[in-house]
Amino acid sequence: MVNPFKGDKEKLAKMTLGKKIDYIWTYYRFWIITAIIVIALVAAFIQAQLAYNPNAMTILLCDTYCEDTETAYTEMNTEFSQFIGLDADAKEPINVDDTFFFTTQSSSSGNAAMAQKFLALVISGEADLMFAPKEAIDYYGSQNMFADLSEVLPEDLFNYLESAGLLFEVTYTPTEDEMEDGAVEETYYGGIRLGDVDYFSEKGITMEDACVSVFYNGDHQSLAIDFLNMLFGFESDTASQSQDET
């Protein structure tokens with residue numbers, strides 16, 4: 001079999017180191033660049049798989065700004081991990097998605113794609129908590145996307161939020177098709193004003209008129225509730241349960 005690289009080997013053998021490098025780069029740079037890209041993609045995929053935590057909750061941030069998201073979100077995960085009593089080497093318990101902004105318009109392709117992504121996360125149960133302006137909470141609450149906080153919050157946390165005037169109601173208005181299936185209009189506690197909570201501002205995350213809601217069918221609702229416990233200064237239910245089991 002003829003060796004297609006035999007001529008190159010002979011040429012390279014007679015060259016100085018500098019000329020070898022120049023020759024290789026000139027004639028093989030496409031393959032070198034391709035190999036580097038493939039290695040980088042494989043490394044990124046492996047790193048993502050190692051970091052991925054199927055048991056993590058997902059927090060959606062709507063209309064927020066942060067100059068250094070990597071540091072801010074790492075701090076969130078570190079503090080929450082300590083709050084719920086995770087080991088130092090445990091995977092991060094929070095996924096943060098800050099790609100959302102509030103709009104009722106879907107005329108542009110970007111808005112439509114965002115709305116589709118949002119709906120897919122909610123329906124699939126992948127979204128657990130949403131931090132957003134009150135008008136966004138009101139809008140999505142009217143579509144029955146949030147849990148009734150009187151039903152899902154621990155009694156002590158609910159009573160505190162109610163007495164502090166931080167809870168607010170949303171009204172679910174069924175569509176005509178939903179009404180034909182027996183759905184009725186319902187008003188319930190669907191949102192919480194953050195009030196004087198400075199948790200996010202301390203991390204450089206800016207929110208205007210910030211409120212929070214719990215999605216009705218989030219896969220990790222217990223973690224979402226514990227995040228609220230941390231925000232408002234209550235003990236972790238998750239950590240307490242772990243201590244009881246040991």
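This is a predicted model: local features need pLDDT of at least 70, side-chain atom pairs count only at pLDDT 80 or more; totals for chains, interfaces and linings use all residues.
**View 1. The protein chain as a whole.**
Welcome to the overview: the protein chain has 10 helices and eight strands. These are DSSP runs numbered from the N terminus, with helices being H or I of at least four residues and strands being E of at least two. Of its 246 residues, 37% count as buried. Here buried means under 20% relative accessible area, exposed over 50%, and partly exposed in between, using a 1.4 Å probe and protein chains only. Among contacts (heavy atoms within 4.5 Å) between residues at least 6 apart in sequence, 70% join residues at least 24 apart.

**View 2. The largest nonpolar core.**
In soluble globular proteins, nonpolar side chains tend to be buried together. A nonpolar core is a set of buried Ala, Val, Leu, Ile, Met, Phe, Trp, Tyr and Cys residues joined through side-chain atoms within 4.5 Å. The largest one here has 38 residues, and Phe-131, Ile-192, Phe-200 and Phe-227 have the most contacts inside it. Elements that each supply at least two residues include strand S1 (57-62), helix H3 (69-83), strand S4 (129-133) and helix H9 (221-231). H9 gives the most to this core, with seven residues. Look next at Phe-200: leaving aside residues up to four places away in sequence, Phe-200 touches Leu-61, Met-76, Phe-131, Leu-194, Ile-205, Met-207 and Phe-227. A second, separate core has 22 residues, among them Cys-62, Val-122, Tyr-172 and Cys-211.

**View 3. Lys-203 and its partners.**
Side chains of opposite charge can pair when their charged atoms come close. A salt bridge is a side-chain nitrogen of Lys or Arg within 4 Å of a carboxyl oxygen of Asp or Glu. Lys-203 and Glu-79 form one, at 3.1 Å from N to O. This pair links distant parts of the chain, 124 residues apart: Lys-203 is in the loop between strand S6 (186-193) and S7, and Glu-79 is in helix H3. Lys-203 is buried, with a relative accessible area of 9%, whereas Glu-79 is partly exposed at 31%. Lys-203 also lies over the face of Tyr-199, at 3.9 Å from the ring centre. For this, NZ of Lys or CZ of Arg must be within 6 Å of the ring centre and within 35 degrees of the ring normal.

**View 4. Two further salt bridges.**
Asp-97 and Lys-117 meet through their side chains at 3.0 Å, N to O. Asp-97 belongs to strand S3 (residues 94-100) and Lys-117 to helix H4 (residues 109-124), 20 residues apart. Asp-97 counts as buried at 13% relative accessibility, and Lys-117 as partly exposed at 35%. The other bridge joins Lys-134 and Asp-138 at 2.8 Å, N to O. Both residues lie in helix H5 (residues 134-141), four residues apart, about one turn of the helix.

**View 5. Aromatic rings.**
The structure holds 16 aromatic pairs. Rings of Phe, Tyr and Trp (its six-membered ring) pair if their centres lie within 6.5 Å; planes under 30 degrees apart count as stacked, over 60 as edge-to-face and the rest as tilted. The ring centres of Phe-102 and Tyr-140 are 6.1 Å apart with planes at 80°, so this pair is edge-to-face. Both residues are buried. Ring pairs link Phe-100, Phe-102, Phe-118, Tyr-139, Tyr-140, Phe-146 and Phe-215 into a cluster.

Leu-157, Phe-158 and Leu-161 are the buried residues of H7. Seen down the helix axis, they fall within an arc of 100°, so they line one face of H7. The arc is that of the directions from the helix axis to the C-beta atoms. These buried residues pack against helix H6 (149-152), strand S5 (167-172), S6 and H9. The face turned away from the buried side carries the exposed residues Glu-155 and Ser-163. After H7 comes Gly-165, whose phi is positive, near 70°.

Terms used. Residues are numbered from 1 along each chain as its sequence is written. Side-chain values use heavy atoms; hydrogens and water are left out.
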